[in-house]
Amino acid sequence: MIRLSLRRHPRFFRPGFIGPILLVIIWSLAHTAHWVTPRLLPGPLETFNAFLESIADGSLWGDFIQTVLRTVYSFLIAAIIGIPLGITIGSSKLIYRSVEFIIDFFRSTPATALFPLFLLIFGIGEESKIAIAAFSACLVIVFNVAYGVMNARQTRILAAKVMGASQWRILRDVLLYESLPQTFIGLRLGVSYALVVIIVAEMFIGSSTGMGHRIIDAEQVYNLAEMYSSIIVTGCIGYLINFIFLIVERHFIKWSGK
């Protein structure tokens, strides 16, 4: 009887719901049992009420939209620059070895350490936030695309050469498609990097809007319920963006690994 019930109603028993439910339970226990002082950790219900109030008064939507737009702008810039640059670098071992140190060096450098440089170049405004996020995301995309191109299956490249394909045709019809799985990994990492840098930039680079500004502003006035609700909304933004990329990847790259 139990097995039949599970088969008829599988949507109520999906493993994906276990994590969020456990998180809420542990959070509630930590709040009610005073594992953490309630002054520093409001309960789930209190946080959810703060979230509903911010939606009702409309204050959340503006910050939400600004953060999403900044992330999208910086990601698009990074992808437009990073994908063709990564293909070019990965298609030649000489070029890759020549710029490998530069890519690895800046990729390993925390983006926050470059804030002063971008502030000097672009000033305090939207340009500096988007530029530093795009720079951080671009390096990840370039590295992954170049890696994907360099690890393309040599048998397919040799087959294309035997059939008389030009270098441009090999680059366009073989290397580009062979690198797509790794490219999507780079894109997913890139958009995550962009979101992280945008949030930090909104906190500390003279911003009056955005989820980062909302979090730091709530912390400064000790409105912890709103701060936690804003943090959760920010996490949901990252999760949804990553989920969308996974759906697109599964739909368009069904041939990956074959």
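Me: What is the mean pLDDT of the protein chain, and which helix has the lowest mean?

Reply: On the scale of pLDDT, which is the predictor's confidence in each residue from 0 to 100, the protein chain has a mean of 82, and 84% of its residues reach 70 or more. Among the elements, helix H1 (residues 2-8) has the lowest mean, 47, whereas helix H4 (residues 59-90) has the highest, 91. Over residues 1-6 pLDDT stays under 50, and the model has 1 contact beyond four places in sequence for that stretch, a contact being heavy atoms within 4.5 Å. Where pLDDT is low, the predicted coordinates should not be read in detail.

Me: How many helices and strands does the protein chain have?

Reply: Helices (H or I, at least four residues) and strands (E, at least two) are DSSP runs, numbered from the N terminus, and by that rule the protein chain has 12 helices and 0 strands.

Me: Why is H3 called roughly perpendicular to H12?

Reply: Axes are lines fitted to C-alpha atoms, for helices over the stretch in contact, and angles run from 0 to 180 degrees between N-to-C directions. The axes of helix H3 (residues 44-56) and helix H12 (residues 224-252) come within 8 Å and cross at roughly 75°. That makes H3 roughly perpendicular to H12, given that angles under 35 degrees count as roughly parallel, over 145 as roughly antiparallel, 65 to 115 as roughly perpendicular and the rest as oblique. The residues making this contact include Ala-50 and Phe-51 of H3 and Ile-232 and Val-233 of H12.

Me: Why are H3 and H4 described as roughly perpendicular to each other?

Reply: H3 and H4 pack at an angle of about 85°, with their axes 4 Å apart, and they are therefore roughly perpendicular to each other. Phe-51, Ser-54 and Ile-55 in H3 meet Ser-59, Leu-60 and Trp-61 in H4, and these residues divide into 4 nonpolar, 2 polar and no charged.

Me: Why does Ala-137 count as buried, and what does Ala-137 touch?

Reply: Buried means under 20% relative accessible area, exposed over 50% and partly exposed in between (1.4 Å probe, protein chains only), so Ala-137, at 0% relative accessibility, counts as buried. Ala-137 lies in helix H7 and, not counting residues up to four places away in sequence, touches Ala-78, Gly-190, Tyr-193 and Ala-194. Across the protein chain, buried residues make up 36% of the 258 residues.

Methods:
Residues numbered from 1 in each chain as written. Predicted model: local features only at pLDDT ≥ 70, side-chain atom pairs only at ≥ 80, totals over all residues. Heavy atoms only, no water. Nonpolar A, V, L, I, M, F, W, Y, C, P; charged D, E, K, R; others polar.
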